[in-house]
Amino acid sequence: QYLEIGDAAAWNRDMAKEVYGQKGYNVRITGDLDFTNTDGTPMAVNTGAIVNRLVAQASTDSNGAVKYPAICGITLTGATESFVSAAFGKVENLNLADISITTDTKEKPNAGVFGTVSADVENLDIQNVTLVQYKTQYNGIIGSIDGKISDVTMDGVTVISNDDKSKGAG
């Protein structure tokens, strides 16, 4: 059974900590989660979600090509937690694009789009992601992982750590 989320407004509503954001549900992304307002400015983003599985539902374009929804337009400055703090099940079939996260905290030792993933990560397309991380122990797209990473493509990814003791999963 999955909690289905089809847009950024649904993510912000349903993944709020006081709603479902801390319950460890299986989450299926059914449409693009574009966290950009219509005027081009970044919208607020509920961060720190704890999920079991996070997967995207495939669709087919007019040419028959398989397409997965995007999680895009995230801009976080002075973030104290990752977009998804923890995923305990598989993370798969996601497009991550146009994301910029700057952290400045020691409160959460794992920083990135995903703080910790305790399972396999498969079929990710990552485009134009910038992570600038200070005072974090593990950082990257995924701060820490206990599983395999496969079928990942990346273009335009920058990870900067201003702490010489930081490590990262990828």
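This is a predicted model: local features need pLDDT of at least 70, side-chain atom pairs count only at pLDDT 80 or more; totals for chains, interfaces and linings use all residues.
Helices (H or I, at least four residues) and strands (E, at least two) are DSSP runs, numbered from the N terminus. Residues are numbered from 1 along each chain as its sequence is written, and side-chain values use heavy atoms, with hydrogens and water left out.

**The whole protein**

Buried residues make up 43% of them; buried means under 20% relative accessible area, exposed over 50%, and partly exposed in between (1.4 Å probe, protein chains only). The accessible surface comes to about 8200 Å², and 44% of it belongs to carbon and sulfur atoms. Such areas come from the Shrake-Rupley method with a 1.4 Å probe; for residues, only the protein chains shown count as cover. A contact means heavy atoms within 4.5 Å. Among contacts between residues at least 6 apart in sequence, 82% join residues at least 24 apart.

**Stop 1: strand β2**

Select Asn 26, in strand β2 (residues 25-29). Not counting residues up to four places away in sequence, Asn 26 touches Gln 1, Tyr 2, Leu 3, Asn 52 and Arg 53. The side chain of Asn 26 reaches the backbone oxygen of Gln 1 at 3.3 Å.

Now select Arg 28 and Glu 4. They form a salt bridge, with the closest N and O atoms 2.8 Å apart. Arg 28 is in strand β2 and Glu 4 in strand β1 (residues 3-5), so the pair links distant parts of the chain, 24 residues apart. A salt bridge is a side-chain nitrogen of Lys or Arg within 4 Å of a carboxyl oxygen of Asp or Glu. Side chains of opposite charge can pair when their charged atoms come close. Arg 28 is partly exposed at 22% relative accessible area, and Glu 4 is partly exposed at 44%.

**Stop 2**

The structure holds five salt bridges. Select Glu 92 and Arg 53, another such pair, with the closest N and O atoms 2.5 Å apart. Glu 92 lies in strand β10 (residues 91-104) and Arg 53 in strand β4 (residues 49-56), so the pair ties together parts that are 39 residues apart in sequence.

Next, select Glu 122 and Lys 90. Their salt bridge has its closest N and O atoms 3.3 Å apart. Glu 122 lies in strand β13 (residues 121-134) and Lys 90 in the loop between β9 (84-87) and β10, so this pair ties together parts that are 32 residues apart in sequence. Glu 122 is partly exposed at 24% relative accessibility, and Lys 90 is partly exposed at 26%.

**Stop 2: positive phi**

Select Asn 93, in strand β10. Asn 93 has a positive phi of about 60° although it is not a glycine. Asn 93 counts as buried, at 14% relative accessibility.

Then go to Asp 151, in strand β16. Asp 151 also is not a glycine, and has a positive phi of about 55°. Asp 151 counts as exposed, at 60% relative accessibility.

**Stop 3**

Ile 149 is partly exposed, at 41% relative accessibility.

Key:
A polar contact is a pair of N or O atoms within 3.5 Å; within protein, one must be able to donate a hydrogen and the other to accept it, and residues adjacent in sequence count only if both atoms are side-chain atoms.
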